[in-house]
Amino acid sequence: MACKRTPLPAAPTRYKKPNYHLLHALPLPLSVTPLPPLIPHNPLSLVHIIIAYLFPPTSSHPSPLHKGFFHSSTRSVHIIEKETIKAFWNHGFFGKGNLSRSEPTWVTRRRRALGVIGRDEALTAEEVTERRRGERREFKMERARLEKEKRDRQLVEEGKLTLEGNEDQEGTASGSSSSTARAVHFAPVESPSSRRRSLERPVADVEDIEHLQLTLEEAFFLSFGLGVLELTDSDTNKKIPQKDILQLFRAHTYFPPQSPQSSFEPDDPFMLSYVVYHHFRSLGWVVKPGVKFAVDYLLYNRGPVFSHAEFGVLILPAYSHPHWANDKSRKEGKELRPWHWLHSINRVSSQVKKTVILVFVEVPPPLDDDEEIGVADLLARYGVREVALRRWLVSRNRD
């Protein structure tokens with residue numbers, strides 16, 4: 001007796017994504033103008049390059065600069081202007097929406113829930129990912145069900161399994177044949193009022209109340225490192241001078257916040273985290289917070305919309321300078337960590353296929369009381385060393 005072939009369930013639907021390569025073409029919120037080509041046998045081409053370098057046609061920085069508001073209650077910088085939010089997210093993936101998981105998409109999801117836009121219009125990356133995961137889950141469940149029915153029919157034909165019940169042979173045969181039919185999912189029935197709302201499409205749009213929230217490290221990198229952001233204190237509504245931003249951010253990394261006029265140690269939390277953030281950003285990585293995976297930072301090759309993070313960064317202070325030789329409190333309290341702490345983090349990272357990077361920040365000795373240096377010279381006093389840590393797994397490292 002020929003065995004009937006069980007039809008496989010339909011493959012999950014592939015939704016069309018936006019052109020991320022075009023939206024995120026620029027790695028930073030700066031306008032870059034390419035230089036003219038150098039022609040070796042034409043000396044005048046060198047003159048064109050020099051003129052274009054010294055007198056660029058357009059400025060690389062926006063005019064006026066982007067504005068952000070520092071909030072001491074949340075210890076973050078809020079971006080309210082829509083053009084600035086678009087520039088910071090599309091060109092570097094800076095910040096996150098305060099009402100979203102990552103990309104600020106609250107207004108799109110809200111408009112879809114109220115029927116202003118259709119179910120498949122302007123899908124965000126989060127919605128596409130959620131739908132694909134749900135369809136993949138249903139596809140696997142349907143495939144497992146069909147495979148189980150196929151095995152049961154084969155066992156019945158071989159006489160190794162008997163079906164329970166009072167049905168006759170014809171009923172059993174018809175039931176087995178009907179079980180091979182493809183499962184059909186029907187959409188929920190809409191009420192006339194909801195269908196009327198979806199057809200009419202409300203005229204009143206949804207007000208976008210979401211803002212972009214920057215961490216202190218991201219805000220300082222955009223302000224000091226790139227020079228495209230100017231900060232305003234939300235309490236006083238006054239512009240914060242560039243020379244006071246570093247002290248203000250260092251003071252608010254403590255809880256409760258300290259006074260910005262107080263003297264800070266070289267190993268304060270903001271300096272250690274910003275040195276690592278600036279280091280990887282300058283190397284071209286997209287750096288995002290990694291508290292979800294028990295690490296300090298996550299490193300993306302191009303950005304969250306292109307691929308998952310490849311590495312998780314742990315920041316560890318290193319006191320190898322002779323100035324800290326007799327400081328046992330720092331060496332034993334901050335430099336040394338228990339083995340089970342590292343083993344737990346490494347286990348979590350290996351489960352999500354990420355490599356742990358131990359970043360040792362060489363802490364310099366403190367400055368003299370009468371010594372004042374700039375921010376660039378202050379950052380140059382720190383050193384960074386990376387050590388990759390991988391968990392050895394028998395199933396993956398057999399060869």
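Predicted model: local features only at pLDDT ≥ 70, side-chain atom pairs only at ≥ 80, totals over all residues.
## Helix H8 and its partner H10

Contact here means heavy atoms within 4.5 Å. On the H8 side, Leu216, Glu217, Glu218, Phe220, Phe221, Phe224 and Gly225 meet a set of H10 residues made up of Phe270, Ser273, Tyr274, Tyr277, His278 and Arg281. Sorted by class, this contact of H8 with H10 holds seven nonpolar, three polar and three charged residues.

How do the two helices lie against each other? H8 covers residues 216-225 and H10 covers residues 269-282; their axes come within 10 Å and cross at roughly 60°. H8 and H10 are therefore oblique to each other. The crossing in which H8 passes H10 is right-handed.

## Helix H8 and its partner H9

H8 also packs with H9, and here the angle is about 165°, with the axes 11 Å apart. An angle over 145 degrees counts as roughly antiparallel, so that is how H8 and H9 run relative to each other. As H8 passes H9, the crossing is left-handed.

Which residues make this contact? From H8 come Leu216, Ala219, Phe220, Ser223 and Phe224, while H9 brings Gln242, Ile245, Leu246 and Phe249. In the contact of H8 with H9 there are seven nonpolar residues, two polar ones and no charged ones.

## The largest pocket

Now for the open spaces. The largest pocket has a volume of about 1700 Å³, and 48 residues line it. To find its centre, look for Arg101, Ser102, Lys292, Tyr300 and Pro304, the lining residues that lie nearest to it.

Several elements give two or more residues to this lining: helix H5 (125-157), strand S4 (212-214), H8, H10, strand S6 (286-289) and strand S7 (297-300). H5 gives the most, with nine residues. By class, the lining of the largest pocket divides into 18 nonpolar, twelve polar and 18 charged residues.

## The second largest pocket

The second largest pocket has a volume of about 720 Å³. Its lining is made of 23 residues, and those nearest its centre are Gln247, Arg250, Phe264, Leu367 and Glu371.

Which helix gives the most to this lining? H9 does, with four residues. Helix H9 (242-251) and helix H13 (375-380) each supply at least two residues of the lining. The residues around the second largest pocket divide into ten nonpolar, five polar and eight charged.

## Backbone details in the loops

A few loop residues deserve a visit too. The peptide bond from serine 63 to proline 64 is cis, with omega near -5°. Proline 64 sits in the loop between helix H2 (44-54) and strand S1 (66-71). A cis peptide bond also runs from phenylalanine 255 to proline 256, with omega near -5°.

Finally, asparagine 237 has a positive phi of about 60°, although it is not a glycine. Where is asparagine 237 found? Look in the loop between strand S5 (229-233) and H9.

How values were computed. Residues numbered from 1 in each chain as written. Heavy atoms only, no water. Axes fitted to C-alpha atoms, helices over the stretch in contact; angles between N-to-C directions. Parallel < 35°, antiparallel > 145°, perpendicular 65-115°, else oblique. Left-handed = near helix turned anticlockwise from the far one by under 90°. Nonpolar A, V, L, I, M, F, W, Y, C, P; charged D, E, K, R; others polar. 1 Å grid on protein atoms, 1.4 Å probe; cavity = no way out; pocket = protein on both sides within 12 Å on 5 of 7 lines; lining within 4 Å. Points joined across faces, edges and corners; volume = space filled by probe spheres on them.
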